[in-house]
Amino acid sequence: MDIPVFTLDAFTNLPFKGNPAAVCPLLHELSDDLYQKIAAEMNLSETAFITLINPTDTFTSGRRFRLRWFTPTMEINLCGHATLASAAVLFQYKNNVNPTLVFETRSGDLGVSKRKEGYIMDFPLNPPTKEDHSDFKDIIKAAVGNHPVQEVLLSRDTKKLMIRLSDSCERSALTSLKVDPVSLQSSDCSGRVRGVIVTMKGSPDCKPGFDFCSRYFAPWAGIPEDPVTGSAHTVLGSYWSDVLGKKKMLAYQCSSRGGELELEVRDDGRISIAGDVTPVLQGFIRL
């Protein structure tokens with residue numbers, strides 16, 4: 001059996017930047033065990049599996065598809081960059097004729113539309129709630145060391161803890177963080193947290209004018225650091241929209257690869273996340 005596989009860099013217009021995702025369009029579902037083995041073999045933050053829902057559809061004609069995401073160690077509920085990459089495979093390689101595709105996922109229906117440059121995703125918004133620093137002091141220490149912290153918030157739905165660095169910090173405080181994934185994972189075994197977002201206010205006056213920057217660490221899901229994380233921006237977008245009083249924002253995830261995300265918090269309680277995708281590899285997994 002030959003399984004087609006594509007690797008694409010999401011949230012960038014350059015190869016080897018952004019966040020790489022593997023995408024496998026499948027005519028039939030495979031076993032969960034095989035999905036997990038393929039994801040472990042690809043060894044990227046996420047591998048996405050697209051399957052047909054309507055047996056009369058093709059990858060060219062269909063509008064609705066089933067989509068699942070696996071890290072090297074587990075299936076997850078929401079992934080932005082691999083959703084963006086999945087839509088790009090259908091539009092660019094399968095020549096899908098529809099302007100908008102809908103993926104049925106663990107997080108409900110997720111739409112992705114073509115635009116002049118790149119794609120725009122329709123995602124749920126996950127507002128975080130403010131927490132007491134002392135309740136998460138071990139995680140904070142493991143994530144940011146002795147850097148001053150302005151706020152700590154938790155998105156209970158996504159189990160993402162957001163740590164906002166003080167506005168007195170230079171951007172280098174964020175970009176130079178050296179987070180030990182083993183220490184971070186062992187700092188919380190309660191199950192409350194499955195990923196840590198570290199963020200700080202941007203400098204909109206400086207070109208290209210990022211409203212905020214972030215990094216994301218998820219060793220609990222087998223991801224020491226995720227290069228560019230769409231799902232984290234369902235939390236970040238909600239928070240920074242309130243803080244900055246803005247609906248439209250430009251965000252930068254300042255991992256070593258780096259990536260840009262255009263955000264719009266909408267009145268219907270959802271968030272639009274837009275970005276570019278750059279294909280880098282096409283082949284087959286032979287079983």
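Trainee: Hi! Where does serine 187 lie?

Mentor: Serine 187 is in the loop between helix H5 (181-186) and strand S12 (195-201). Helices (H or I, at least four residues) and strands (E, at least two) are DSSP runs, numbered from the N terminus. This is a predicted model, in which local features need pLDDT of at least 70 and side-chain atom pairs count only at pLDDT 80 or more, while totals for chains, interfaces and linings use all residues. Residues are numbered from 1 along each chain as its sequence is written, and side-chain values use heavy atoms, with hydrogens and water left out.

Trainee: Thanks. Is serine 187 buried or exposed?

Mentor: Serine 187 counts as buried because its relative accessibility is 17%. Buried means under 20% relative accessible area, exposed over 50%, and partly exposed in between (1.4 Å probe, protein chains only).

Trainee: And which residues does serine 187 touch?

Mentor: Leaving out residues up to four places away in sequence, serine 187 touches Asp138, Ile139 and Ala142. Contact here means heavy atoms within 4.5 Å. A polar atom of the serine 187 side chain also lies 2.5 Å from the backbone oxygen of leucine 184.

Trainee: New topic: how many salt bridges are there?

Mentor: The count comes to 21 salt bridges. For each, a side-chain nitrogen of Lys or Arg is within 4 Å of a carboxyl oxygen of Asp or Glu.

Trainee: What do the side chains of aspartate 122 and arginine 266 do?

Mentor: They meet in a salt bridge, 3.1 Å from N to O. This pair links distant parts of the chain, 144 residues apart: aspartate 122 is in strand S8 (residues 119-124), and arginine 266 is in the loop between strand S16 (259-265) and strand S17 (270-275). Aspartate 122 is partly exposed at 25% relative accessible area, and arginine 266 is partly exposed at 22%.

Trainee: What about aspartate 267, which residue does it form a salt bridge with?

Mentor: Lysine 247, with the closest N and O atoms 3.9 Å apart. Aspartate 267 lies in the loop between S16 and S17 and lysine 247 in the loop between helix H6 (233-244) and strand S15 (248-253), so the pair ties together parts 20 residues apart in sequence. Aspartate 267 is exposed at 76% relative accessible area, while lysine 247 is partly exposed at 43%.

Trainee: Last one: which residues are linked in a network of salt bridges?

Mentor: Glu29, Asp32, Arg66, Arg68, Glu75 and Arg106. Within it, the side chains of glutamate 29 and arginine 68 meet at 4.0 Å, N to O. Glutamate 29 is partly exposed at 37% relative accessibility, whereas arginine 68 counts as buried at 18%.

Methods. Polar contact = N/O pair within 3.5 Å; in protein donor to acceptor, adjacent residues only side chain to side chain.
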